Amino acid sequence: MAPLGSVPAAVSQLARSFSAFSCSNPFLRSLTAVKSCPGRCLTSQPSGPPKRPLNGYMRFVMQQKPAVVQQNPEIKPVDVVRRIAQQWRVLSPEQKKPFQEAMQRDMQKFKLDLQKYQSQLTPAQLQQQAVERKQRMTKRKAIRKKRELTSLGKPKRPRSAFNIFMSEHFEEARGTTTPAKMKSLLDDWRSLFSHQKQVYVQLAEDDKIRYKNEMKSWEDHMLEIGREDLLRGQTRASQRRPAARTAAAAAAKKKKTKATKAKPAKKTAATPKSKAASREVKSSAPTKTVRKGSTKKV
């Protein structure tokens with residue numbers, strides 16, 4: 001293997017420019033994975049599906065990144081992207097046009113390659129792709145919703161007793177990696193006595209009260225700004241109950257009124273005068289003698 005000193009200066013400079021972007025940011029990692037030709041469609045495998053071409057902004061980033069890194073070797077990768085983004089914002093539409101046109105040309109080629117690739121797939125593979133696409137969309141929606149809730153200041157969920165214990169003793173925990181530290185902390189937690197755990201249990205109960213109060217204030221604020229869709233299910237159900245009871249009472253009252261109107265009028269009871277007249281008529285009727293002294297009206 002040739003020593004590093006024999007590598008040409010241009011290749012060494014290119015390696016340093018790419019190593020400057022080896023950070024944990026997935027966006028920057030995607031930039032470093034692109035070759036010098038930004039118009040090429042990215043594919044994870046030679047036989048895999050074609051991926052969408054870079055848009056105009058990303059093409060501008062790939063073009064300006066080497067120059068910005070060379071001029072500012074000590075700058076952080078995040079600041080490099082921010083500086084390029086500022087340059088993109090001040091460009092005129094005419095200056096952005098070449099990047100947009102290149103994206104449109106590659107997009108046409110991408111559509112043709114995608115149709116060719118899909119024509120070679122079986123119905124089962126197409127169905128599997130549809131399922132995977134649905135899963136990706138669901139994951140993206142969940143990420144966007146989480147970011148939105150964070151930006152709206154939704155309170156953090158209460159911590160458990162073990163989480164509080166782990167946060168307090170994580171630094172001095174045994175192990176060199178995070179999983180090893182967590183495993184040692186779990187063993188320490190299980191070896192604690194009940195009265196030792198009670199301190200963290202009480203802290204967890206206090207954190208639940210904090211969460212409940214903060215969520216009540218936050219949901220009231222969401223109602224004020226018209227974001228009922230962000231409320232918890234139980235909160236929405238509690239709001240629907242009074243409205244449902246009011247609607248049920250109104251329906252019952254309406255039904256009762258309708259039944260009262262449809263009910264026929266009762267027969268008028270006989271007056272005391274008419275009862276007395278009927279008794280007088282009966283008493284004035286002639287009678288005849290029957291055997292054994294009984295009488296019978298004629």
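Does Glu214 count as buried, exposed or partly exposed, and at what relative accessibility? In this predicted model, Glu214 counts as partly exposed, because its relative accessibility is 36%, a value that lies between the limits of under 20% for buried and over 50% for exposed. The side chain of Glu214 meets that of Arg210 in a salt bridge, with 3.0 Å from N to O, and both residues belong to helix H9, where they are 4 residues apart, or about one turn of the helix. Arg210 is likewise assigned to the partly exposed class, since its relative accessible area is 24%.

Helix H9, which spans residues 194-224, also holds the pair Glu205 and Lys208, whose side chains form a salt bridge at 3.8 Å from N to O. These two residues are separated by about one helical turn because they stand 3 residues apart in the helix. Glu205 is partly exposed at 37% relative accessibility, and Lys208 is partly exposed at 44%.

A further salt bridge links Arg227 with Asp229, whose closest N and O atoms are 3.0 Å apart. Through salt bridges that share partners, Arg227 and Asp229 are joined with Glu148 into one network. Arg227 has a relative accessible area of 23% and is therefore partly exposed, while Asp229, at 48%, also counts as partly exposed. Across the whole structure, the search finds 13 salt bridges.

Turning to helix H6, which covers residues 123-151, the reader finds Gln129 within this element. Gln129 is classed as buried because its relative accessible area is 18%, which falls under the 20% limit. Leaving aside neighbours within four places in sequence, Gln129 is in contact with Tyr117, Gln118 and Leu121. Arg133 is found in helix H6 as well, but Arg133 counts as partly exposed, since its relative accessibility is 40%. Together with Arg136, Arg140, Lys141 and Arg144, Arg133 forms a positive surface patch.

Of the 298 residues, 20% count as buried, and the chain exposes about 23500 Å², of which carbon and sulfur atoms supply 57%. Among the contacts with a sequence separation of 6 or more, 54% are between residues 24 or more positions apart.

How values were computed. Residues are numbered from 1 along each chain as its sequence is written. This is a predicted model: local features need pLDDT of at least 70, side-chain atom pairs count only at pLDDT 80 or more; totals for chains, interfaces and linings use all residues. Side-chain values use heavy atoms; hydrogens and water are left out. Patches are made of residues with over 30% relative accessible area and no salt bridge: like charges are joined within 9 Å, nonpolar side chains (Val, Leu, Ile, Met, Phe, Trp, Tyr) within 5 Å. Accessible areas come from the Shrake-Rupley method with a 1.4 Å probe; for residues, only the protein chains shown count as cover. A salt bridge is a side-chain nitrogen of Lys or Arg within 4 Å of a carboxyl oxygen of Asp or Glu. Lys and Arg count as positive and Asp and Glu as negative; His and the chain ends are not counted. The place of a charge is taken as NZ of Lys, CZ of Arg, CG of Asp or CD of Glu. Buried means under 20% relative accessible area, exposed over 50%, partly exposed in between (1.4 Å probe, protein chains only). Contact means heavy atoms within 4.5 Å.
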